[in-house]
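Welcome! Here is a short briefing to read alongside the sequence and the 3D view.

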Amino acid sequence: MIEITFEAHATTVDNEEKRASGWNNVELSELGKKQAKELGERHSLYDFDAVFTSDLQRAYQTAVIAFGDKPSRIFADWRLRECNYGDLTLRPSSLIETERPKRITEPFPNGESYEQTAERMWSFLGDLKKGWDGRKVLLIGHRATHYALDHWIKDMPLEEAVSQEFIWQPGWEYELK
């Protein structure tokens, strides 16, 4: 079994402007940098055997600010990325909220579906099982990361995971068996 703590990346400039980032490589805002420091204060890097983060700057930057004193224990992985909103990237977040339930199996125009993001996460979780059994890891990612964890580990239908209201909290706990 692998103990997983999931944390959402800290606030970005796009979040503050209510724009949907998708795969846009946006930086953390000043508030986000403060939140990343708070994440590091909530968790010691030594609480985890490794920190895995999306390769998008906002997630990786969150990890480095939180745990920068030990960068050799931070691993970026593209499979933890947010959903690719394609043509809707940088459009108002409210538009993505209304589109989200329609994009479970049907990709965003020139982007991907939540089913595709979940498949990426399935691949990541399979690799995690191979090399990290009996360990505790931290994942820093996005809403799509969270949806896939709920889907694969909590056995929640993807439609339900994607449709649930996302309410930030300081970490979610999972057990990967």
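Leaving aside residues up to four places away in sequence, Ser 29 touches Thr 11, Thr 12, Val 13 and Glu 16, where contact means heavy atoms within 4.5 Å. This is a predicted model, in which local features need pLDDT of at least 70, side-chain atom pairs count only at pLDDT 80 or more, and totals for chains, interfaces and linings use all residues. Residues are numbered from 1 along each chain as its sequence is written, and side-chain values use heavy atoms, with hydrogens and water left out.

**Around Ser 29**
- Ser 29 sits in the loop between helix 1 (13-16) and helix 2 (30-42); helices are DSSP runs of H or I with at least four residues, numbered from the N terminus.
- Ser 29 counts as buried because its relative accessibility is 4% (buried is under 20% relative accessible area, exposed over 50%, partly exposed in between, with a 1.4 Å probe and protein chains only).

**Salt bridges**
- The count comes to 14 salt bridges, each being a side-chain nitrogen of Lys or Arg within 4 Å of a carboxyl oxygen of Asp or Glu.
- In helix 2, Glu 38 and Lys 34 lie four residues apart, about one turn of the helix, and their side chains form a salt bridge (2.9 Å, N to O).
- Glu 38 is partly exposed, at 31% relative accessibility.
- Glu 112 and Arg 120 are both buried, and their side chains meet in a salt bridge (2.5 Å, N to O).

**A linked network**
- Salt bridges link Asp 77, Arg 79, Asp 127 and Lys 130 in a network.
- Within it, the closest N and O atoms of Asp 77 and Arg 79 are 2.8 Å apart.
- Asp 77 is buried at 13% relative accessibility, and Arg 79 is buried at 12%.

Key
Helix = DSSP H or I, 4+ residues; strand = E, 2+ residues; numbered from the N terminus.
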